[in-house]
Amino acid sequence: MSKHSITIEINGESFTQEVDSRKLLIHFLRDDLALTGTHIGCDTSSCGACTILLNGKSIKACTFFAVQANNQKIETIEGVEQGGQLHPLQEGFHQEHGLQCGFCTPGMIMRGKELLEKNPNPTEEEIRWGISGNLCRCTGYSNIIKSIQYAANKLNEKQEEAA
Amino acid sequence: MIMCKTSKEIGGMGHSLKRKEDARFIRGLGKYTDDVQLPGMLYMDIARSPFAYAKIKSIDKSAAMEIPGVLAVITGEDLKQYNLHWMPTLMSDTQMVLPTDTVMYQAQEVAAVIATDRYIAADAVQALENSIEYEQMKPLIDPHKALDADAPLLRPDKEGRTDNHIWHWQTGDQEATEQAFDEADVVVKEQVYIPRIHVASIETCGCVASYEKAEGKLTVWMTTQAPHAIRTVIALVAGHVGLSEERIRVISPDIGGGFGGKVPVYPGYVIAIAASFLIGKPVKWIEDRSENLQADSFARDYHMTVELASTKEGKMTGLRIKTLADHGYTDAAANPSKFPSGLFSIVTGSYDIPTAFTEMDAVYTNKPPGGVAYRCSFRVTEAVHAIERITDVLAQKLGRDPADLRFQNFIQKDQFPYRSALGWEYDSGDYAPALRKAMDMVGYEELRKEQAEKRARGELMGIGISSFTEIVGAGPSKDFDILGIKMFDSAEVRIHPTGKAIARFGTKSQGQGHETTYAQILAEELGIPAMHIQIEEGDTDTAPYGLGTYASRSTPTAGAAAAKAAHKIRDKARKIAAYLLEVSEEDLEWEPGKFFVKGAPERSKTIQDIAFAAYTNHPQGMEAGLEATHYYDPPNLTFPFGSYICVMDIDPKTAEMKIRRFVAIDDCGNIINPMIVTGQIHGGLAMGIAPAMYEELIYDDDGNILNGTFMDYLLPTSVETPNWETGHTITPSPHHPLGAKGVAESPTVGAPPAVANAVVDALSHLGVTHVDIPVTPFKVWKILKEKGVIS
Ligand code: FES
Ligand code: FES
């Protein structure tokens, strides 16, 4: 098994480490860096529990090698709260009861983040399709949609304030 | 209208308090079993059988053992030395931990590997799987053939057993039922199959077992809904090797969904515990998704023949059901001991049916064991599907509107408490208003008009009703136990000197929000703000003994225990208040948060004053402190109910189906937290349409599972799921201290027949009377083709 030294920026911090070429990114994050907020629900890209952002784009870390992330920027759920301020998505999930067991939640929030960055005013239909790669077994999705809408409104308000 | 007795600050019952547990989950700081990492921790992985039925000829460990980093390969023979190769199931059947000679289903555990790293363990499993020789045998897959003379005898290990019949169970008055059918004007009959499905919580199962030799103490973090019962089971099964109960600690950390699938003991847990015990290091085992779907307990798998008798005016007069239950190779259902088919006898449902008879035979096949719930209280979904489906079949036969027929046959409000033909005493109910409310909300009359117009144009739409009655909250301990342990539940409440509190419970939340709702119950009863009440569950070293969370039993049992413990605390608080105010106890009156002197409300002591005094200034002769424990044994179960209406559009060319509307009116008695209850109903509805339209574990004739991954076992996504429209009626439970009933499973139970009835309703003019769930586009397409709708 060949080893590779990789350097990845994760939540604004740079990590350099030796990894096996076959190590999956999800295991690198969870086992090596103890960033256990990103979860594993299937390992076949089907559930979205492992969703993170790679250079701002959501990917499923269970089917991505750690070495592929070399010299790239990663954001995980642990990096979403900034300066003690919850992100509007985190607030939205809490306010709208968008989570129950919480297992899918980090993936949903990361996916929601990219969704809102690309489309700040999504329709319900667009949100439904937007999170269709993320499974939730607990909530029946309605409140997840509301949580993302809550965040969209909040982000737009902030934008207006800033303008 | 939900009334609140407490202020928002106190946050007692009826307030939509935001959940306390969210704080960690939205930050990715939940602590699930797979998040536990211990120094020196080893990884376990499992080699599984490629065949459904085969003799193991040999297992060669050497190739696996040669891989650097592999510490051990564990086989059935190894476990046999400690008499740990078999274990009891919750139904007093037996299940292999690891086989010594025969494998009984595809994906069964055959041997385990312990290694320093999960990748090495996976390598070793591959090497090991290539080094196991089998002799294949023809498996028994079709349960209908299980009792044939030429069927293989699957369990020769069971003394005295000569066939694959596990048990027969029957209830009701057979003779009277036969007479009702003989005398009936109308009889309808359908074969109804409730397919084998899987709960598929997004977190799979697993554990971290850590045995510390020096202290002889075993700690197991595991994905279990019933940590206390598991501790006892471990002590009973492994007592002989020196694991005794006071030195076993089971911790059920955050759980990523349970739904019944995390009640049983799986072989993986036992092997990991044995491995840690033998090696003396922590061992982690987390199954992957395909292992979870292919080997963990299934749910349902009931083949039912359902018959309903009635007068020509539509008055139901008798119900008769015969069921064949496919249990796989062992009965590993998770039912109370005395109820091998769970609470199936709720099958007379919401209707006043004078007589009923149901019988059931369970058989072995070469499929994985199980028979757990799928977010339902012990086989209630099967029962509700049977009665709600056959009610529609009767309506169709009589040319009656299905809503109308239901109104005619509902148990009436003044009949409660109502004793059903199969012996249950329904605590309370008022069915007609719930159905009427659902019809108003959905606009029933207009929909029927629309349907008629569409039909005339060759378009297909259906309206499906389900008016279910649930039975939850096991249970009165005279009838309900699991492996002999009575199904009470517990609460232990301590008030701190500053008037804040901690409370611990024998249940275990898997997303239901206990940290919030239990705090609200205590806030209601003690007037201490819910925000200041810490709730803990899941650690057997600290929490009081309880039977855990499943079958919607937490609110009916542990919730009641919380209220009762709070009452004990209030009794003592009254004494302290009387002492402090220098009046007699009888002169005091309680309002949430304080005692005051009757007629002089300005003379009062708050619960906080009293708590402080309990530790600083309590009456002479009284024990210090302010705490109480209560083990609650419910006098009866609770019977939540509701009416659901599903509106379904079907494309007459492709048979593509779309749920246009789904209206759900639920009645779960008094509501603790409306936001959480609505959330539970949403989730349950999604898990209701899932088996109705998408989910089924499918096996071929050789016992190969055809859809054992998330790529082909279809959970509904946000796209298939409609926007739920929910509402309530409130009929309190007369015997529960808070008037509450369980709720989280009503929607899973009530939704499938609403969906199936909608589809059949859309096709009824073609002469279709029944379609088995899941009602897939392919099934409907075939019907449309057969009926000439599609050429
Ligand atoms: S764990 Fe990556 S998609 Fe399921
Ligand atoms: S909240 Fe449990 S899976 Fe989504």
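In this predicted model, β27, β28 and β29 of chain B form an open sheet of three strands, in the order β27-β28-β29, with antiparallel pairing. The edges are β27 (588–591) and β29 (600–606) of chain B, each of which pairs on one side only. From one strand to the next, the twist averages 35°.

Strand β28 of chain B covers residues 594–597 and pairs with β29(B) over four bridges, in the antiparallel sense. Within this part of the chain, B:Lys594 stands opposite B:Thr606 of β29(B). A helix packs on the sheet: α15 of chain B, residues 607–616. Helix α15 touches β27, β28 and β29 of chain B. The direction of α15 makes about 50° with that of β29(B).

Now the interface. How many residues does each chain bring to the contact? Chain B gives 54 residues and chain A gives 48 residues. Between them the two chains bury about 4300 Å², and 53% of that lies on carbon and sulfur atoms. Which residues of chain B lose the most area to chain A? They are B:Ile26, B:Tyr119 and B:Ile202, together 18% of what that side buries.

Polar links also cross the interface. There are 29 residue pairs in polar contact between chain B and chain A, counting pairs with both residues at pLDDT 80 or more. Among the helices of chain B, α1 (22–25), α4 (118–129) and α16 (674–693) each supply at least two residues of the side that touches chain A. The largest share of that side is nine residues, and these come from α16(B). By class, the side of chain B that touches chain A holds 24 nonpolar, 17 polar and 13 charged residues.

Salt bridges come next. The whole structure has 59 of them over all chains. Between chain B and chain A the count is six. The table gives two salt bridges that join these chains.

| Residue with N atom | Residue with O atom | Closest N and O atoms |
|---|---|---|
| B:Arg118 | A:Asp31 | 3.0 Å |
| A:Arg30 | B:Asp34 | 3.3 Å |

Where do the two ends of the A:Arg30 pair lie? A:Arg30 sits in helix α1 (residues 25–32) of chain A. B:Asp34 sits in the loop between α1 and β1 (42–48) of chain B.

Key
Residues numbered from 1 in each chain as written. Chains lettered and ligands numbered in written order. Predicted model: local features only at pLDDT ≥ 70, side-chain atom pairs only at ≥ 80, totals over all residues. Heavy atoms only, no water. Contact = heavy atoms within 4.5 Å. Buried area = accessible area lost by both parts, 1.4 Å probe. Salt bridge = Lys/Arg side-chain N within 4 Å of Asp/Glu carboxyl O. Polar contact = N/O pair within 3.5 Å; in protein donor to acceptor, adjacent residues only side chain to side chain. Nonpolar A, V, L, I, M, F, W, Y, C, P; charged D, E, K, R; others polar. Pairing = 2+ DSSP bridges. Axes fitted to C-alpha atoms, helices over the stretch in contact; angles between N-to-C directions.
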